[in-house]
Amino acid sequence: MLDTGDIVDDGSHSDQFRALTEILARVRSLPYLVGVGNHEVDNNRPGPGRANTAAFLKPLDPNLGAGRLYYRRTIGRVRFLFLDSNDLVYDSGPDETKRRGEQLAWLVEQLKATPEKPGYPTVVVMHHPLLQSSEKHRDQARGLWSLAYQGRRLPDILADGGVDLVLVGHTHTYERFIATRKDGRGFQVVNLSGRPESRFLWFGSAGRSAKELPRGGEKAWLQKRGWRDLDGWALSQPEAMTKDETDEFALFRVEPDGGMTISIRYMNRPGLLPPVRILGGGPP
């Protein structure tokens, strides 16, 4: 089981992690992997959130701590790199700046140590999207797309490192993007946080609703809404959760050749949708 974050309401209260442990007891036989969300660390505000989150996730990597909430795991043929995108989008002081540099250096080194091999997908998991159609948190996505480290922007780091798939959350939507650089390298971005909120007064689902972007016009749509540094990239949005669909989860399957399919389940509809092959594979 994989979660793209916001596993508790407020990580500053450790009893919420104890309650989550009890909830997960029935599936304790399954690996449980988490990309840290902003709720767990209270948007990186001062407090015990980062330490509480690290204590909960410590079995995944003994190096985890309040200053490091990113790690690597390999499950079967899939190599996962779990990032702490909170340190990439919240800039409230020197601690975040230092941790950001350390994490991006780690990411680059991990990708160098991950040889490209057909049939062995590389998946990055981070809570905050770098591409999205929904309005809420759009500024954070724009910042992530243009985030630079040692002269390279994050999408180039991912493409150069052979990343196949980026799993994100945060916006309470489901949508899938394909980002392809002019040299043919690229990755898919799949948002797995499909849980629309009901409207209450001026709060609610409008800002979080995914939009079906015009086919062939996705790049222009994003540029018009403030995305920069898109030159040399082709962008498409094959799928988005519409207003009559609700509460989504995804079932991924790694095929014998290492390719990957995704099947979506909307909780207000019966059954899984037919699987869609999103990644090619190599020799079995």
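**Close-up views of a predicted model**

Figure 1. With a relative accessibility of 47%, methionine 267 counts as partly exposed. Like everything in these views, this residue is part of a predicted model. Look for methionine 267 in the loop that runs between β13 (260–266) and β14 (276–279). It belongs to a nonpolar patch on the surface, formed together with Phe249, Leu251 and Leu272. The accessible area of these four residues together is about 380 Å².

**Figure 2. The whole chain, for orientation.** Before going further into the details, here is the overall picture. The chain has 7 helices and 14 strands. Its radius of gyration is 18 Å, close to the 19 Å that the globule rule gives for 284 residues, so the chain is as compact as a globular protein of that length. Along the principal axes, the C-alpha atoms fill a box of roughly 45 × 45 × 40 Å. Of the 284 residues, 50% are buried. Among contacts with a separation of 6 or more, 63% are between residues 24 or more positions apart. The chain exposes about 13500 Å², and 53% of that comes from carbon and sulfur atoms.

Figure 3. Helix α4 covers residues 94–112, which makes 19 residues. From its first C-alpha to its last it reaches 27 Å, close to the 27 Å expected at 1.5 Å a residue. Its buried residues include Leu104, Trp106, Leu107, Val108 and Leu111, and also Glu96, Arg99 and Arg100. Lysine 117 sits in the loop between α4 and β5 (122–125). Its relative accessible area is 48%, so lysine 117 is partly exposed. The C-alpha atoms of lysine 117 and aspartate 42 are separated by 38 Å, and the two residues are 75 positions apart along the chain.

Figure 4. Side chains of opposite charge can pair when their charged atoms come close. The structure holds 18 salt bridges. One of them joins arginine 100 and aspartate 91, whose closest N and O atoms are 3.8 Å apart. Arginine 100 is buried, at 14% relative accessible area, whereas aspartate 91 is exposed, at 55%. Another salt bridge pairs aspartate 156 with arginine 181, with 3.0 Å between the closest N and O atoms. This pair links distant parts of the chain, since aspartate 156 is in helix α6 (residues 154–160) and arginine 181 is in strand β9, 25 residues apart. Both aspartate 156 and arginine 181 are buried. Arginine 253 and glutamate 255 also meet through their side chains in a salt bridge, at 3.3 Å from N to O.

**Figure 5. Two loop residues with positive phi.** Histidine 170 is not a glycine, yet its phi is positive, at about 80 degrees. You will find histidine 170 in the loop between β8 (165–168) and β9 (174–181). With a relative accessible area of 4%, histidine 170 is buried. Aspartate 229, also not a glycine, has a positive phi of about 60 degrees. Its loop lies between α7 (218–224) and β11 (233–240). Aspartate 229 is partly exposed, with a relative accessible area of 34%.

Definitions and conventions
Residues numbered from 1 in each chain as written. Predicted model: local features only at pLDDT ≥ 70, side-chain atom pairs only at ≥ 80, totals over all residues. Heavy atoms only, no water. Patch = residues over 30% accessible without salt bridge, like charges linked within 9 Å, V, L, I, M, F, W, Y side chains within 5 Å. Areas by Shrake-Rupley, 256 points an atom, 1.4 Å probe, with all protein chains shown as cover. Helix = DSSP H or I, 4+ residues; strand = E, 2+ residues; numbered from the N terminus. Buried < 20%, exposed > 50% of the residue type's maximum accessible area, 1.4 Å probe, protein only. Rg over C-alpha atoms; globule rule 2.2 N^0.38 Å. Contact = heavy atoms within 4.5 Å. Expected span 1.5 Å × (residues − 1).
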